[in-house]
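Look over the sequence and the fold before reading on.

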Amino acid sequence: MDLKKIFIKDACPTKMGGQAVMEGIMMKGEKKTALAVRLPNGNIEIETKKTPSYGRWMKIPIVRGVVAFVDSLVYGCKTLMDSAGMLEEFDDEEYEKTKFELWVEKKFGSEAFWNFLIYSSVAIALAFSIGIFILLPTWVASLAKLVTANVLWINFIEGLLRIALFVAYVWAISFMPDIKRVFRFHGAEHKTIHAFENLPKNEKGEAEINQLTVEACREYPTLHPRCGTSFLMFVFIIAFACHVLLGWPVLWLRIVTRILLLPVVAGLSYELLKWAGRSDNRLVKILSMPGLWLQKITTAEPDTQMLEVAIAAVNAVCDDTQPRKYTVRKLPEGAWPESRHEYPHSWG
């Protein structure tokens with residue numbers, strides 16, 4: 001692992017961040033968010049929206065981390081569903097709604113049904129995460145009291161179990177074909193962000209976006225210090241530090257305190273991630289190493305088409321047009337334009 005290629009000295013960190021989705025990438029900028037998906041027919045369908053603003057909440061340290069965490073859960077789940085919706089017309093299997101889903105749609109409308117799917121998915125994901133990565137480790141770690149009464153060691157064992165379970169889970173799903181492709185799009189997202197942050201600037205100090213090409217992106221690694229994977233590893237590290245301060249109370253109290261501490265842990269982890277993203281000192285590199293090692297599982301080398309999707313998403317975020325939905329026409333193989341200025345006029 002060459003840290004000089006990851007913590008690039010002269011890079012200009014951007015607030016743009018992304019997420020890999022089904023056959024595509026979501027890129028979120030300060031003003032605009034773009035979802036770009038490669039369709040089975042070769043076209044790239046792009047949808048841009050205004051990025052939600054949370055005003056003063058995003059200026060308050062710790063609190064902004066909690067807001068960003070909740071937003072990433074809800075918006076991330078919605079983005080995954082949106083990408084699935086773009087691919088739906090090419091799917092031979094038609095989804096059959098349950099009686100309850102049909103009742104919700106009939107009673108409250110299709111938008112309410114869609115919101116129901118999103119928030120219920122988030123609730124299920126949260127329940128699963130809390131059960132597997134919080135409750136299970138603290139219960140199993142209780143057995144360590146048969147060997148030692150040292151609170152520090154018991155908490156250390158709990159934290160180690162939590163990380164081991166998470167890494168094992170990520171490693172296991174990485175063998176699924178669909179997840180493998182998502183991880184490759186994740187790699188494309190990181191390479192493109194690296195390339196964007198290292199673009200030359202014009203006289204106005206703006207990035208020369210026309211130089212964001214597939215060849216330029218290929219030069220960079222798939223690992224990035226501001227990745228959400230690193231955020232999760234920071235969560236585990238900070239959670240361990242907070243739990244040590246609380247000692248080792250009875251099981252029910254441990255469970256309650258660990259759940260109540262989640263917003264604090266998320267907020268502190270967010271601040272640490274922001275610091276890591278704009279600094280390259282030795283302490284940052286040491287703290288970032290667990291997340292970077294985990295990214296070796298959650299990212300993979302993308303192909304040219306995946307990088308094209310990532311570049312299209314960044315271009316969509318950076319252009320000055322109003323939020324819209326449009327399609328990039330399929331081009332002959334080898335004829336993909338090297339800059340957004342060469343895209344065909346059928347974009348609109």
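**Hairpins, sheet and cavity**

β2 and β3 form a hairpin with three residues between them. Strands (E, at least two residues) and helices (H or I, at least four) are DSSP runs, numbered from the N terminus. This is a predicted model, in which local features need pLDDT of at least 70, side-chain atom pairs count only at pLDDT 80 or more, and totals for chains, interfaces and linings use all residues. Residues are numbered from 1 along each chain as its sequence is written, and side-chain values use heavy atoms, leaving out hydrogens and water.

**Strand β2 and its partners**

- Five bridges join β2 to β3 (residues 32–38), and the two run antiparallel. Two strands pair if DSSP finds at least two bridges between them.
- Ile25 has Ala36 as its bridge partner in β3.
- β1 (residues 17–21) also pairs with β2 in the antiparallel sense, over five bridges.
- Val21 has Gly24 as its bridge partner in β2.
- The hairpin of β1 and β2 has two residues between the strands. Glu23 in that turn has a positive phi of about 55°.

- The open sheet has five strands in the order β1-β2-β3-β4-β5, with antiparallel pairing.
- β1 and β5 (325–328) stand at the edges with a single partner strand each, so one side of each has no neighbour in the sheet.
- The twist averages 20° from one strand to the next (axes are lines fitted to C-alpha atoms; angles run from 0 to 180 degrees between N-to-C directions).
- β3 and β4 pair over seven antiparallel bridges. Leu35 has Glu47 as its bridge partner in β4.
- Helix α2 packs on the sheet and touches β1, β2, β3 and β4 (contact means heavy atoms within 4.5 Å). The direction of α2 makes about 40° with that of β3.
- Helix α6 (residues 177–197) packs on the sheet too, touching β1 and β2. The direction of α6 makes about 160° with that of β1.

**The largest cavity**

- The largest cavity holds about 90 Å³ of space. A cavity is a set of points on a 1 Å grid over the protein atoms alone, where a 1.4 Å probe fits but cannot get out; lining residues have an atom within 4 Å of a point.
- Its lining includes Met26, Leu35, Glu47 and Tyr75.
- β3, β4 (44–50) and α2 (63–87) each give two or more residues to this lining. α2 gives the most, with four.

Technical notes:
1 Å grid on protein atoms, 1.4 Å probe; cavity = no way out; pocket = protein on both sides within 12 Å on 5 of 7 lines; lining within 4 Å. Points joined across faces, edges and corners; volume = space filled by probe spheres on them.
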